[in-house]
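Hi everyone, thanks for coming.

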Amino acid sequence: MIENDNLISGYRQFRQDHYSRYRDLYDTLADKGQAPKTMIVSCCDSRVEPAAIFNAKPGEMFVVRNVANLVPPYTTIGDYSGTRAALEFAVCGLNVEHIVVLGHGQCGGIKAYLQGLNNPDAGGEFIGKWMSILKSTRDHVVQSNPGTAPEQLQLEMEYAAIQTSLNNLTKFPFIQERLKENRLQFHGGHFDIAKGELYSLDRKSGQFNPVK
Ligand SMILES: [Zn+2]
């Protein structure tokens, strides 16, 4: 039973405000099912709320959240592929037209993985293994940024991780099919928590530019 007063009062507020505002939309979505056009791969971080950042209505975005907003490489080995399952459903079941990998500043998963270079215990029981999706990305970022201050190195790593995830997306056969037919587009974004600003990846230049 949920007894946390904050959650209960928040829920009551949701019924009064959000749910009554979107009641008709919820009715339609319940009746006809969901048909979001966009999938977001976002971090679990409590400060990065995709629906708030994009001002999304119910049913508008299909969101999967994991530590450090990673798309793992394509493989059919392993039993518990939560993010891959979400991708498969979004692309093959819902036919989303856009996938956004939404990274963010001060990412704890990225920080732990960078610290793991000097402290193998920094990754805990599961996080280090999950973050090893970025092993070659980390090696590359660290080698190509010698002497860089830790905060800047972290930002470079957050940016590079988004690129790695976008690259991993292109290896899924069901995604390749749709890319060939121009039925799917990828986008990279990075949310700066301190400024509340979104940066968008220009895939040609590899630069993240502020969204005006
Ligand atoms: Zn994060």
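I'll start with the overall fold and then turn to the domains, the surface and the charges.

A word on the source: this is a predicted model, where local features need pLDDT of at least 70, side-chain atom pairs count only at pLDDT 80 or more, and totals for chains, interfaces and linings use all residues. Residues are numbered from 1 along each chain as its sequence is written, and side-chain values use heavy atoms, with hydrogens and water left out.

The protein has nine helices and six strands; these are DSSP runs, with helices being H or I of at least four residues and strands E of at least two, numbered from the N terminus. Its radius of gyration is 19 Å, close to the 17 Å from the globule rule for 212 residues, so the protein is as compact as a globular protein of that length. Here the radius is taken over C-alpha atoms, and the rule is 2.2 Å times the number of residues to the power 0.38.

How is the chain divided into domains? The assignment, automatic or from a database, gives domain 1 as 1-33 and domain 2 as 34-210. Their centres, over C-alpha atoms, are 29 Å apart. Seven residues of domain 1 are in contact (heavy atoms within 4.5 Å) with five of domain 2.

Of the 212 residues, 37% are buried, meaning under 20% relative accessible area with a 1.4 Å probe, protein chains only.

Finally, charges: there are 22 positive and 23 negative side chains, counting Lys and Arg as positive, Asp and Glu as negative, and leaving out His and the chain ends. The centres of the two sets lie 4 Å apart, with each charge placed at NZ of Lys, CZ of Arg, CG of Asp or CD of Glu.

Key. Buried < 20%, exposed > 50% of the residue type's maximum accessible area, 1.4 Å probe, protein only.
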